[in-house]
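Hi,

Here is the model I promised to pass on. Have a look at it first, and my notes follow below.

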Amino acid sequence: MHLLIMGAPGCGKGTCAVELKSFYGIPHISTGEIFRKAISEKTKTGLIAQRYIDQGFLVPDEVTNEIVKERLSEDDCQKGFLLDGFPRNLAQAKALTKILEDLDIKLDAAINLDVKDEIIEKRIVNRRICENCGRGYNLIYLKPKQEGICDVCGAKLYQRKDDTLETIDKRLVVYNTQTKPIITYYKELGILININANQEPHKVVEEIINKVK
Ligand code: ADP
Ligand code: ZN
């Protein structure tokens, strides 16, 4: 199963992705996570990416497309993957089409998580992430059993540096102007699946699995 999942920042992509990854037994490839890892390891890519991410801008396409191309060429992606956070503009969507053509891979579905604007801000400022397994929590909607600790692996939870009110507004502008147009791109390719993401995470996952079938 070759899937991609898209939606506004804070729409719950990451949370659903963790569930979908284990349901389908496919690797979860998040460009945001790849960048955060590169930043923490202070690699060359990390240093470039950090300047953009901290300000709520997109990392340049040349950098991002190359990373995705390399990752999707690895062996574990040939049987399937869940791509999360890429593409984020039309140029990236077209680059992905080309990358997949070269790898002889057909995308099965482009899942669009549709969430109301009012919910987004609340989800983002209350978001916490496990530093070990990447699982997402929310201080309002999806609280960890023990404060600051991951239910699943017991590691510490942290707040992303770009999850502040100032940066969120910029990320939403970027989403609305650059990312939204790719919904039409996948609709025209006939593989778009729209999901109501204003509901609880496990309901969202259920809806995705049913519609992908
Ligand atoms: P969210 O979906 O909450 O915005 P992500 O973890 O997907 O979070 O992305 C975090 C940041 O990483 C983005 O705001 C952007 O700066 C950068 N980023 C992630 N994916 C891409 C991409 N495909 N192209 C450019 N920048 C990206
Ligand atoms: Zn964890």
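Where is the place of Lys42? Lys42 sits in the loop between H2 and helix H3 (44–53); helices (H or I, at least four residues) and strands (E, at least two) are DSSP runs, numbered from the N terminus. Its phi is near 55°, a positive value in a residue other than glycine. Most residues other than glycine have a negative phi, and most peptide bonds are trans. Pro87 belongs to the loop between E3 and helix H5 (90–103).

Some housekeeping before the rest. This is a predicted model, where local features need pLDDT of at least 70, side-chain atom pairs count only at pLDDT 80 or more, and totals for chains, interfaces and linings use all residues. Residues are numbered from 1 along each chain as its sequence is written, chains are lettered from A and ligands numbered from 1 in the order in which they are written, and side-chain values use heavy atoms, with hydrogens and water left out.

Now the ligand. There are 20 residues around ligand 1, and Thr31, Arg36, Phe57, Gly85 and Arg127 come nearest (a residue is near if one of its heavy atoms lies within 4 Å). By class the shell has seven nonpolar, six polar and seven charged residues; here Ala, Val, Leu, Ile, Met, Phe, Trp, Tyr, Cys and Pro count as nonpolar, Asp, Glu, Lys and Arg as charged, and the others, Gly among them, as polar. Helix H2 (residues 31–40) gives the largest share of that shell, four residues.

For polar contacts (pairs of N or O atoms within 3.5 Å), a nitrogen atom of ligand 1 is 2.8 Å from a polar backbone atom of Gly85. A nitrogen atom of the ligand is also 2.9 Å from an N or O atom in the side chain of Gln92. Arg171 has a polar side-chain atom 2.9 Å from an oxygen atom of ligand 1. Taken alone, ligand 1 exposes 550 Å², and the protein buries 96% of that (Shrake-Rupley method, 1.4 Å probe).

On to the sheets. Five strands form an open sheet in the order E2-E3-E1-E4-E8, with parallel pairing (two strands pair if DSSP finds at least two bridges between them). Strand E2 (28–30) and strand E8 (192–196) stand at the edges with a single partner strand each, so one side of each is left without a neighbour in the sheet. The twist averages 20° from one strand to the next. Strand E1 (residues 2–7) and strand E3 (residues 81–84) run parallel and are joined by four bridges, and Ile5 has Asp84 as its bridge partner in E3.

Helix H8 (residues 181–188) packs on this sheet, touching E1, strand E4 (109–114) and E8, where contact means heavy atoms within 4.5 Å. The direction of H8 makes about 145° with that of E1; axes are lines fitted to C-alpha atoms, for helices over the stretch in contact, and angles run from 0 to 180 degrees between N-to-C directions. The axes of H5 and H8 come within 9 Å and cross at roughly 35°.

There is also an open sheet of three strands, in the order E6-E5-E7, with antiparallel pairing. Strand E5 (residues 127–130) pairs with E6 over three bridges, and Arg127 stands opposite Asn138 in E6.

Cheers

Technical notes: A polar contact is a pair of N or O atoms within 3.5 Å; within protein, one must be able to donate a hydrogen and the other to accept it, and residues adjacent in sequence count only if both atoms are side-chain atoms.
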